[in-house]
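Subject: Structure for you to look at

Hello,

Here is the structure I said I would pass on. Please open it next to this message, and read the notes below with it on screen.

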Amino acid sequence: MRHLISGAAGFIGSHLCDHLLAGGHEVVALDNFITGSPANIAHLEKHPRFHFENCDVSLAIEIAGRFDGVWHLASLASPKHYLAKPVETLESGSSGTRNMLEIARRDGARFLVTSTSECYGDPLEHPQAETYWGNVNPVGLRSCYDESKRYAEAMTMAYHRTHGVRTNIARIFNTYGPRMALDDGRVVPAFLDQALQGKPLTVFGDGSQTRSFCYVSDMVDGLARLAASEERLPVNLGNPLELTILEFAARIQQLLGSNLEIERKPLPSDDPRKRRPDISKAKRVLGWEPKISLEDGLRETVEYFKAQADATATR
């Protein structure tokens with residue numbers, strides 16, 4: 001089968017490329033490197049079934065051939081990036097989503113869009129199930145990201161209902177693993193970057209806000225299962241193990257050094273207080289749940305970044 005992936009040089013996108021290629025498929029990868037990295041797909045450059053196009057999917061897309069699967073992962077997903085480029089963030093969710101959907105409609109292809117747990121905003125329901133409509137500030141600082149994803153979901157459902165496109169919507173919760181950008185501002189890469197440099201771990205507010213962390217191989221498995229399913233409404237993909245930020249900082253200290261200090265900073269605007277997925281639907285519909293423990297996933301991630309640092313030092 002032939003697959004088209006936007007955001008293919010991103011963290012999750014590059015792992016999805018690996019997964020599909022390992023399954024014997026052909027992959028056409030799109031990215032404009034606004035946040036993705038050429039290093040994430042460098043190992044695929046000479047793969048006979050991998051093709052890369054430097055492309056902004058918010059603009060017109062002209063890719064030769066027909067596709068069996070269209071995956072829209074292109075997005076500025078970290079607060080650091082979407083707060084710096086709010087217009088581009090909104091465009092990736094609006095124009096970008098429609099452009100990718102048009103290719104799926106044209107080719108009769110399956111379409112999957114990666115949405116986000118941020119659709120739930122600062123939730124009043126905990127844990128968050130797909131039936132919860134959210135508590136989102138539509139004009140807040142984070143709205144460029146939240147609303148881009150909510151719009152992408154609405155556009156995806158419109159194409160399914162109007163044109164019969166076989167669509168899937170994945171609501172992704174915090175994901176981590178090799179190829180994360182350490183400087184993107186989210187808690188896992190931020191803590192690892194600080195810890196590997198021996199710097200204090202930055203905790204915003206009192207550290208009681210919670211997050212759940214899913215290893216990237218589990219996430220890609222969930223995406224693949226969802227794309228093969230007949231479920232058209234959103235499905236949560238994430239790890240239901242919930243930790244406070246202070247508890248997560250303690251895990252990093254255990255792994256990388258108990259001498260790491262904690263540095264406090266004010267809580268950012270509209271920062272969600274709680275984040276934990278209800279994955280009952282994913283279990284029921286996809287037969288999916290995370291398998292990789294936080295300890296094993298963090299260990300693999302740390303080893304990757306240590307190897308990257310060593311390789312850089314020897315150049």
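Start at Asn236. Setting aside neighbours within four places in sequence, Asn236 is in contact (heavy atoms within 4.5 Å) with Tyr120, Gln128, Ala129, Glu130, Arg171, Phe173, Pro277, Asp278, Ile279 and Ala282. This is a predicted model, in which local features need pLDDT of at least 70 and side-chain atom pairs count only at pLDDT 80 or more, while totals for chains, interfaces and linings use all residues. Residues are numbered from 1 along each chain as its sequence is written, and side-chain values use heavy atoms, with hydrogens and water left out.

Asn236 lies in strand β11 (residues 235-237); helices (H or I, at least four residues) and strands (E, at least two) are DSSP runs, numbered from the N terminus. Asn236 counts as buried, at 0% relative accessibility. Buried means under 20% relative accessible area, exposed over 50%, and partly exposed in between (1.4 Å probe, protein chains only). The Asn236 side chain reaches two backbone oxygens: that of Gln128 at 2.9 Å and that of Asp278 at 3.1 Å. The C-alpha atoms of Asn236 and Ser280 are separated by 8.7 Å, and the two residues are 44 apart along the chain.

Next, the aromatic rings. Rings of Phe, Tyr and Trp (its six-membered ring) pair if their centres lie within 6.5 Å; planes under 30 degrees apart count as stacked, over 60 as edge-to-face and the rest as tilted. The count by this rule is eight aromatic pairs. Tyr82 and Tyr145 are stacked, because their ring centres are 4.7 Å apart and their planes are at 5°. Tyr82 is in helix α2 (residues 79-84) and Tyr145 in helix α5, so the pair ties together parts that are 63 residues apart in sequence. Tyr82 is buried, with a relative accessible area of 1%, and Tyr145 is buried at 6%. Tyr120 and Tyr132 are also a stacked pair, 6.1 Å centre to centre with 20° between the planes.

Last, two helices. The axes (lines fitted to C-alpha atoms, for helices over the stretch in contact, with angles from 0 to 180 degrees between N-to-C directions) of α3 (residues 86-93) and α5 (residues 143-163) come within 8 Å and cross at roughly 10°. The helices α3 and α5 are therefore roughly parallel to each other; angles under 35 degrees count as roughly parallel, over 145 as roughly antiparallel, 65 to 115 as roughly perpendicular and the rest as oblique.

Regards

Definitions and conventions. Polar contact = N/O pair within 3.5 Å; in protein donor to acceptor, adjacent residues only side chain to side chain.
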